[in-house]
Amino acid sequence: MQTYHTPLDLVRERSPERPVAFARPGVVAVAARWFQDNFQGDVFYAVKANPSPWVIETLVNAGVNSFDVASIPEIELVAKYAPGARMAFMHPVKSRRAIAEAYHRHGVKTFALDTHEELQKILEATDGAEDLTLIVRLGVVAEGASYSLSGKFGVPMHEAPALLLAARGATHGKMGVSFHVGSQCMRPTAYQAAMAQAQRAIVRAGVMVDIVDVGGGFPSIYPGMVPPDMADYVDSIQRGFADMSVHEETELWCEPGRALVAEASSILTKVELKKGDALYLNDGSYGSLFDAAHVKWPFPVKLYRGEGDDAREVEGPLKPFRFYGPTCDSLDHMPGPFWLPEDIREGDYVEIGMLGAYGIAMNTRFNGFGDAETVEVSDAPMASMFGLAGRSIRLPREEREEERKVVRLSRPKGAAGKKRRKR
Ligand SMILES: *Cc1c(COP(=O)(O)O)cnc(C)c1O
């Protein structure tokens, strides 16, 4: 990977024709260390958030050596870039061949399930293995997520006790529960509430669990979505765990995806045309901007202009813009609003931040586009949950007002007046 100090240095050196993804390994390392220092259990990285080799290698170097995988290609990726790492196959619906290959060829022992049928598949495909760790995915009711993950997976809570009993009886290894409160969870108390539901199912089943896996959902910062401190999430989980009747050796696991990588990547796109308040860029919803198009997230932006030594970052006065991507599909539209200098013009470069999770991972080659290169940079992310950007996000005043409103609305009752932890 080529290395520059900042995105502006790259614009200075060579005005790129194709989109450029920026990798900030140092930012992933800081997030990884934060989780290890603050989460009182095992941290599994959910590979789907960003399967880039540099992410896997950085995590291993920073001490995260456990991975939540969902497919054989993800398993092969981890085996290649993190040899010897521990993997948990957490997709609740797997093919028999994938289960067999994971167990027999890659030594994966941990499997998630949310039905009796899947439990049977796992037992048969591993030839009745006796050393399995079986994790029952619970369909808890959770509030506060910006991206709900309920509905598709998770055993309904009234059916959970029978499945817990069956899983307990099916293995001589460990048995546990997991859930996912939904991605970009804005409410720390959602974890404690989910753990209380898990506790009820466990008591009703009359079983002991060896693992409580609180899943992912840990948030990042986006304009209009500034979550409470990450420490509040860990506190909520500690309280929830303390209230569960588990045995002394019961392990606590988490599976963050977004929180470990969101800050670490941004993408540099070129303005090909300006049409009123619409900017036609060379990256879009089939590239790194899926969430900007389909869930209308207004990612933070910076503007660079000029070539060689004249290249510079341009600031205000700002105006709201919307983006179109390069494909011919009219769905390739990102409504924003993206606040950029009002005199933005063709040939300028827009850096779009906070795309490390579910951003650069979503790239397709549709319509002949999406061929972005990746370079390494070492500047600060546009916003940070880990103190790297002073928790500030570049927004005009009106937007900041909006942001404050959203934060007030999303703050759980009782925590509003709570003093923020010093970071
Ligand atoms: C996607 C996923 C995660 C990661 O979720 P984030 O919201 O990115 O933290 C964790 N666990 C499972 C099972 C997932 O499917």
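Let me start with P337, which sits in strand β19, residues 333-341; strands here are DSSP runs of E with at least two residues, helices are runs of H or I with at least four, and both are numbered from the N terminus. The peptide bond leading from G336 into P337 is cis, with omega near 5 degrees. Q184 is in strand β11, residues 183-185.

Some ground rules. This is a predicted model, in which local features need pLDDT of at least 70 and side-chain atom pairs count only at pLDDT 80 or more, while totals for chains, interfaces and linings use all residues. Residues are numbered from 1 along each chain as its sequence is written, and side-chain values use heavy atoms, with hydrogens and water left out.

Now the domains. The assignment for the protein chain gives domain 1 as 7-21 + 265-376 and domain 2 as 25-261; such bounds come from an automatic or database domain assignment. Their C-alpha centres lie 34 Å apart.

How many residues of each domain are in contact with the other? On the domain 1 side there are 16, and on the domain 2 side 18, with contact meaning heavy atoms within 4.5 Å. About 1,400 Å² is buried between domain 1 and domain 2, and carbon and sulfur atoms give 65% of that. Buried area here is the accessible area, with a 1.4 Å probe, that two parts lose on being put together, summed over both. In domain 1, W297, M354 and Y358 lose the most area to domain 2, together 43% of what that side buries.

Between the two domains the salt bridge count is 0, a salt bridge being a side-chain nitrogen of Lys or Arg within 4 Å of a carboxyl oxygen of Asp or Glu. The interface does have 2 residue pairs in polar contact, both at pLDDT 80 or more. A polar contact is a pair of N or O atoms within 3.5 Å; within protein, one must be able to donate a hydrogen and the other to accept it, and residues adjacent in sequence count only if both atoms are side-chain atoms. On the domain 1 side, α11 (290-294) and β21 (373-376) each supply at least two of the residues that touch domain 2.

Over the whole structure, the search finds 19 salt bridges. One joins the side chains of D371 and R18, at 3.4 Å, N to O. D371 is in the loop between β20 (349-352) and β21, R18 is in the loop between α1 (7-13) and β2 (20-23), and they are 353 residues apart.

Last, the ligand. Which residues come nearest to it? Of the 13 around it, K48, S183, E255, R258 and Y358 do, where near means a heavy atom within 4 Å. A polar side-chain atom of Y358 is 2.6 Å from a ligand oxygen. A polar backbone atom of G217 is 2.9 Å from an oxygen atom of the ligand.
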